[in-house]
Every structure is written in structure tokens, then in C-alpha cells.
Amino acid sequence: MKRTLAPLHFTLLALAASQACGQTDNKLETIVVSGLRASAQSSVAVKKNAVEVVDAITAEDVGKLPDPNVAETLTRIPGVQGYRYGGEGASPVGVGSGVTIRGLSGQTGSQVNGRAYFTAGSREFNIESAIPGMIAGIDVYKNPTAEHVEGGIGGLVNIRTRKPSEFKSFTASLSTSQRWNDMARKADPELFGLVANRFDLGGGQRIGVLAAGVYQKSTGRSDSTPANGGATLRRVVRADTAEYATLAAANSANDPSKAMAAYVGRTDVSYLASVPTLATSSSVGANTPNTAGLTAEQIGNIIAAPAYSNPLFEETIKRTRKGLSLAADYRASDALRFYAEYDYTYYQYNQNYRALGVTDGANVQNLQLTPFNLTEGLANRNSNGGSDDVLVSKRLLSGSFLNSTFNTTANNVRQPYETGIAAGGVEWRATERLDLKADVNVIKATKRGEGPFATTNSAPGVYWTVNRVADGTPHTMTFSGPDVNDPKNYVFNTFSAGTHELFDDKGYAGAFSGAYRLDEGFISKLKFGARLASQQSLYTVTSTPDGRLTTDGLALAANGSNAINVGSRTGLIVYAPTNGMGGTAGYAGGFPVYDAEQLTGDQARAAFPASNISPLSAQTEILASRRFLKERTLAGYVMGEFSAYDDRLRGNFGVRVVQTHSRAVARVANNLTSPVSYPEVERTTSYTNVLPSVNVIYDLTDDTLLRLAYGKGLTRAPIDQLNPSQIVNQVNGTGTQGNAELKPLTADSVDVSFEKYFNKTNYAALGLFNKQIKGFVNGIAECQTVATAPAYSGTFANGCSNGQYAITRSVNAESGYVRGVELSGQWFFGDGLLKNFGAAGSYTYVTTSNPINFGTAQAPRIVETPQPMQSKHNFSLTGLYEDSRLSARVVYTWRSESVLFGVSVNPIDGRYIGAYGILDGSLNYKVTDALTLTFNASNLTNKGLDRFVGEPGAYQTGIERQHYLNGRTYAVGLRYKFD
């Protein structure tokens, strides 16, 4: 079923299914609908008559999606959940879309105009880099049929750009807008232009041409208070005890954080002593206090201190997008058409962050504790077995940390992405019954990355008292002592050029397809096709040694004898804004920090010639990180379309067979040679998948229908996981190993939906879905003899014997599921006071099973966990208004808690995103028939996506670990269209 959101002006394509594979029926009709009710009627008609499970959004006009960000637009579709970062729909790490379809993230197929499309280093296209002005529409296929390019068990996202065939005569469109974030306080432009025309050459011949381009900048802000994870066990030693006096006598007065003599006998001061654990953070018994040698009273004074050490973290996020779309077609006759297309996107993610870090003193005044049960389950999933005992019953709540020191960090992350696809083909109606099509394309994609950073420390002898309250949202932190904003209170410390990454990818595909119409009968049409495709990816990374920003290029001396005071080089610094966290987290700034814009290139080397910073030209490749993958696929499919009982029963069935060949190459360190050598390791694999599908529609009544769909899909393992690398740690006897033989995840998907149509515009729908997934990838620890390293002889107990290493290797291990319910509907009022109003909404419930083995291959410990980035509950409500001049839309989107990235081995180390809701709005006023004034507002509730300690469900603590503030974003623009 194909849903289009009613508030938009839609371009509706009659055969949505053929869009996904780049196949267009010669009888494809474009219906341009204008007006709210007319678009709603067309939306319902397409939804009711389509066969596949498809949801779609189409731009209401040239250069105008309903949202200023493509990732945000996707979240209006039932079953699709998104993330916002730095004021825009984006992933939480600045890469990718953060989009989850029906509970699955990172398992989505990506296409542009029906052709597979990818970002360098990935199998998916980075939706975050998509430019709204360039997009004609977006289709989300949730249960693709056999004619679709395989690759996404979560779903398939197809981006449609404008085509010459959409325009019957000369058309020109120009739009400009200014975007402004109320925290970043900077206005940024967006410019879009399109020209298209069709020329009739006579004799049934015609040519269509189109050119479109866009330039967009945006500046956002992301303030947060990242705190420590884990149990962070401490033992409280009061200053009026004999133990404290003993510790005071033993500690050096040269370490003010432990300068305890002045506090001996005080009743308001306590010392927080570190508490060792029985095991490391990833082993059995982790976060369990080692109480050997302690008295019962001392054991009773052990506390947990999760999420108390938050600093102030500010990010300015600058995004630049550029796009170009060129297309031409030549129709020699009604039966023969040739076409060519080129689409290019450039996206640069530039993150400048400023961090004020705090090293808390060990002595705390007015320490306050609060009840908190650190159970064995929360600490380590009760890895020891038996009862789930309480290990610690209190946690740190607040206090004043004496003799604390500060540090500041500046970072300048730049990640430019470029992707271009050139395509061409021919469509031919060979006979009255037979249509044929051939399509070829070439893709080139690159991604670069760098992130130089510099740090400062407190000047020798400069200390603060830090007052913390680790409760509420957000936690608060205030200071007493010297001026935090005075550069003379800091000294320069380190500089790092970081790593310079390069992803260099390319690919090609050639597809041939056809459709044959049969005489009247149960089967009305046969479809068939084949596709040969290749994708290869090369990843390299270089680096230089870190530099020391001191007078002699050596590490900063404890007494500061080689220090360079920040106050003496103020031309290298900037001051953080004084509205950090909007003033809600206590101290709001500012503080001096290295100027991020002066970190790139060799600027730091020139500014500190005595520091022996290596020039960028001296960067050397990290050979152990190089990886290469070339993958070739050959696929074929056949489908049949059927109908019976006067079309009350209709649908399609088919099967796709795909064979995959891959070659993976890595460099593996041979530690037995001197110097260490890096010989190539190569692995080749081959496998075949059979992917059947069936779609059935039955009209229960004239206005009520039942849909049934079954499909088998696959998602291949991420490119980096297929790297046949091996890295060992000779100190602790552990290591990691890639696996080029990972098989795809496969899913058997079933959809059932009921749809009721009250009239031409109003409907309600209930959908049920279930995906049974095989081949989840887990990292399994195994004892191995490593041929490229000496036998392990260290003292750390790695669980292996005979010199073997504990190697964690990714394998296809467990099976799981995704299942849920989708409710959707829209309602437009009739005549009367509410005649210009309407409403639309959707609700999705998703439950997932992602089994993970937290044990070893020999001793498995399988735990059912939720899929990352997936909320169990999600809804979107839209209010609408439109008259002859003014249209308005308000959208509220809410989702429940979700795991961030993935669950941790020990839940107390984990992070989850709290429930949140975001309100957006837009206004469009038609000044004339050609000129429209637009206004968009994002995140009117000023809601950040806060992170908490633990994971949803049994280990949901409610303790905030990182509070976010992104601000509100506004955009004002003009759009002019001449045709």
C-alpha cells in the first residue's frame, strides 16, 4: 500500500512499485494535484489501489519538501523513527540519518531513482547529506518485492529527483531562504534553482532537458553535560576518622587533590578512596567491589558514583550541502525512449567543539548520598549466576569537590562526503504486449575525515572548588575560586593532528528488465529482469605523533617549568559563549579554549616551533587499518501479476535469486619480524540467496480491504566487519579479528493490514508486521594460537592456556525478530466552520529481539536485548489548515526510550535515550500564483535528546548521564515558479 501524507501537494506515480527498481511502464501517468483536499483524494486513491507495502512523501512544489531536513521528513511516515542532533535530523555521531524503520537501524537499502546508491564506506546512502530542494519525493518500501534491488531487511528508501517528463513546457523555479538557530545565532543561506523544458521535434519525436542546482549552509549548536558511566565505586572516609589521619600522613602535600592534612578532624569533609573490582569491565564479576582486607564498617561505606562528573561541552555544528541534477531524454516515438541522468551531492559535516573538563579533587565537603541499588544484574548482568544481590545501596548525590583542576579541549572535525551517479538507458515497447528496458549506471563516492585537537591545563597552583548536584535534569555544576574565564589561569598542554581518513569507493550496475502482458486470465502480466553490479571500497588512514605545546616539546612538567601560559598567546584562543546549556546547568561559561579554526593544516606547528610538531606532509599510513573490499552481485527475478473475482482479489508473486562474490584484503601485523611487517591477507567468499515474495489484496467491501504480504530479504554485513584483519594485545593476551565470511542477515517478513475508507479523503488503517531474522552478528571470544605473534606469556588472566590469545571474532550467531503494529489515518472536515482544517496521525508499536552472546563460544551466555535506536512506542500528530492563500501545518512527534548505539556488556556502563517529543511547524503564504512566502520552525519545544545510565526495561535507572540542548531553528524563504 502506498500512503502519501495529505497536507502536501503531490505528484503521484501510478506504478509505485516499478519506481524502486528504476523500471517505468510506458503508460506511466503523472497526475499533478494541487489543493489540500484534491491531494488527499489522490493520496487515498493511490493507497487503496497500490499492491506493495509502500509509504511515500512527495514535494508539494519544485524545490519544496514539507520539512527543512530530509531525515525529519522521513519520521512523518508510520514505522519510521529518527534522531536529531545539532538542531537537525541526523545521527547521534554526525554520520548517517539515525533513521530506524520498523525497529531496525543500519539495515536499510538506499536508492536514488530506483538505482542502488551509497555513501563511501557504507552500503547505505547518508540521508543526512540529502538536500531537500533537490528531492521530488521519497518512497519507503517496507516489504520489497522480487523486482527490487536486494539489501535492506528493515526497508528500502528510494529518493526521487525531478525528471524532464514532469514538465510539459518551459519551467523555471528559484527559491532562497535564510535559516537561523537561536543558540548558534547565525543566519545561513539556501539557494535552489531549476530550469526544464520540452521540445517537440515533429513526427512524434521530442526532447526533454532539466538542470537543477542547490547550495545550502546551516549552523547549529549542541550543548551537553557528558558524565562518567559505570559504577565508579568509591569508599567514603570521613576526615574525623583515624583512617583519614593515616592517609593524610602518607599522602604528599605536593598533590593538592590529596592534600589532606588541613582537613584532619573535620566533620564536613570526606575523602573518596577508589575501590578495586574483582574483574575488568568486560569480564565475569565486573563492577563487583573487591572487599578483601576491609572491615565491615569500611564495606558499608562503599558507594557508587555514576554520572556525577559532568563537564560543560559545547559544539558548533556547521553543515554545507551542494547538489547538481542533470537529466535529458529523447523520445524517438511513442514506443522508444532514450534517457541520461547525473546526480551529485556534496556534504561537509564540520563540528567545532569546546569542552571545559574538570578533574575533581578527592576531598569532598558536605557530601550527600542517596539510596541506589547497584545490583549484580545492573553491574554485570549477574554474570556470576545465582541470586541477583545488591552490591551497593547508595550513590553520590552532591558535594563540593575541593582542590579541583580544570582543562579545556578544542576540536575541529571535518568530514566532506561526495557522491555522484551517472546513468543512462533505453525503454522500448517492442510489441503491443512486450516492454523492455536497459539501464546502466556508474557511482563514484569519497569521504574524508580529520579531527585535530588541542588541550590546556590549569596553571600550576590554580585550583577551584567544584559544587556538583548529580540529580534532576540537568545535573548542575558551579565553581568557586579564580576567574574561570581568565586565560592566565591556564597553560597549553597538547596538540594532535589526529588521523586523516580516506574512503574511496566506486561501483557500477547494469540492469535489463521486461514486462509481458497476457490475455485475460488469472495471471495478467509477467515481469522479468537481471542485474549485474559491483561495489568496491578502499579505506586508508594516516597520522603523525602528538605534539606537546611546551617550551621544550616535552610533556608538561608537574611544576610547570616548561609551560607556556595561555595568557601570553591570546591570539590563539577564543572564549566559549556565556549561554552554555542556556544557564540551566549551573555555570554557563565562558572559558578560554584553543581556536578550532587554527588547528587545521600546519598552523599549530608554526605557532609552537619549539614543540617539534610533525608536519602534515610527514604523516604515515597506519597499515594495520587499511582494508579493501570488492563485491560483485548477479541477480535475476521473475514476477507475475494476477487478479480474479472482478478484481476483488489481486496481487503479485515472484522470486529473486542473487549470487554474491566478494574479495576482502587487509594488512595484518606480523610481530615475529623486526621491524614489524604488514603482509596482505586476502579472503574470497561466495553465496547465493533465494528471495521469494507474495502480495495479495482482497476487497472485503467496496470501502474496506485486507492486504497480505510475504517477502524474504537480506542485509549484507557492514563493509568494515568483512575486513579480514587481526590485532592482538601482547600485554593482556586479547585481540580482535574480522570475518570476511560473514553471511547476510535474512528476514522472513509478513504484513497484514486492514483499511477502511470513509470517503474520498478520510481513512483509517491498521497494519501488523512480523520479521523473523536469522544471522545476527555477535562478537564471540575464542582462544586461538596466533601465528603472527609470540605465544602469550603475560600475567593477566585471559582465560586461555598454552600461550593462546582470547580473540573476539564476529560471527553469524543468533536469530531474533521484529514485530509490531502500525495505526494511521487522516480526516478532513466538510463544510462549515472547520472546512479548511484537517488532521493526520500515526502510531507505531514495535518490539524486537536481538539476542547477544555475552559469554564465549565454549560457554555461551545468551541475553535477549532490544535493537539499538529503537523505541517501543512512537506517534506523530499533524494539524492542518489551508485556504486559497495560506497553508499551515503543525506536527508533534513523540517516541519512547531507546538504546543508544547498542547495549553494553554491563548495563551500568550503557546509555539509553529518554522519551521525548518534538514540535515543528510551517506556514506558506501565496503572495501571487507564482510567488510564495515560506516559514519553517523546528523544535519549538526546545527539546534535546537526553541520555541516561543503563538501558530501557529492567536496567532503566532514570539517572541522567548527558543532558542536551540544541535550540530552536527558524527558516524564512521565498519561492518563485515560472511556467
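Is W894 buried, partly exposed or exposed? At 25% relative accessibility, W894 counts as partly exposed; buried means under 20% relative accessible area, exposed over 50%, and partly exposed in between, using a 1.4 Å probe and protein chains only.

## What you're looking at

This is a predicted model, where local features need pLDDT of at least 70 and side-chain atom pairs count only at pLDDT 80 or more, while totals for chains, interfaces and linings use all residues. Residues are numbered from 1 along each chain as its sequence is written, and side-chain values use heavy atoms, with hydrogens and water left out.

## Overall build

The protein chain has seven helices and 55 strands. Both kinds of element are DSSP runs numbered from the N terminus: helices are H or I with at least four residues, strands are E with at least two. The C-alpha atoms fill a box of roughly 100 × 65 × 55 Å along the principal axes. A compact globule with 979 residues would have a radius of gyration near 30 Å, and the protein chain agrees at 30 Å. That radius is taken over C-alpha atoms, and the globule rule is 2.2 Å times the number of residues to the power 0.38.

Buried residues account for 56% of the 979 in the chain. Take the contacts (heavy atoms within 4.5 Å) between residues at least 6 apart in sequence: 74% of them join residues at least 24 apart.

## The cores

The largest nonpolar core holds 48 residues, and L356, F406, F479, V484, F492 and Y594 have the most contacts inside it. A nonpolar core here is a set of buried Ala, Val, Leu, Ile, Met, Phe, Trp, Tyr and Cys residues joined through side-chain atoms within 4.5 Å. Among the elements that each supply at least two residues of this core are strand 21 (336-359), strand 23 (390-429) and helix 7 (603-607).

Leaving aside neighbours within four places in sequence, F406 is in contact with residues including L356, W464, F479, V484 and Y490. F406 also belongs to one aromatic cluster with W464, F479, Y490 and Y587. A second, separate core of 28 residues includes V80, V112, I138 and V541.

## Rings and charges

The structure has 25 aromatic pairs. Rings of Phe, Tyr and Trp (its six-membered ring) pair if their centres lie within 6.5 Å; planes under 30 degrees apart count as stacked, over 60 as edge-to-face and the rest as tilted. Y308 and F401 make a stacked pair, at 5.7 Å centre to centre with 20° between the planes. Y308 lies in the loop between strand 19 (302-303) and strand 20 (312-333) and F401 in strand 23, so the pair ties together parts 93 residues apart in sequence. Y308 is buried at 9% relative accessibility, and F401 is buried at 1%.

W894 stacks with F875, at 5.6 Å centre to centre and 20° between the planes. F875 sits in strand 46 (residues 873-882) and W894 in strand 47 (residues 886-895), 19 residues apart. F875 is partly exposed, with a relative accessible area of 25%.

Charges sit over rings too: R569 lies over the face of F608, 4.7 Å from the ring centre, and the charged end of R819 is over the ring of Y817, 3.7 Å from its centre. The test is NZ of Lys or CZ of Arg within 6 Å of the ring centre and within 35 degrees of the ring normal.
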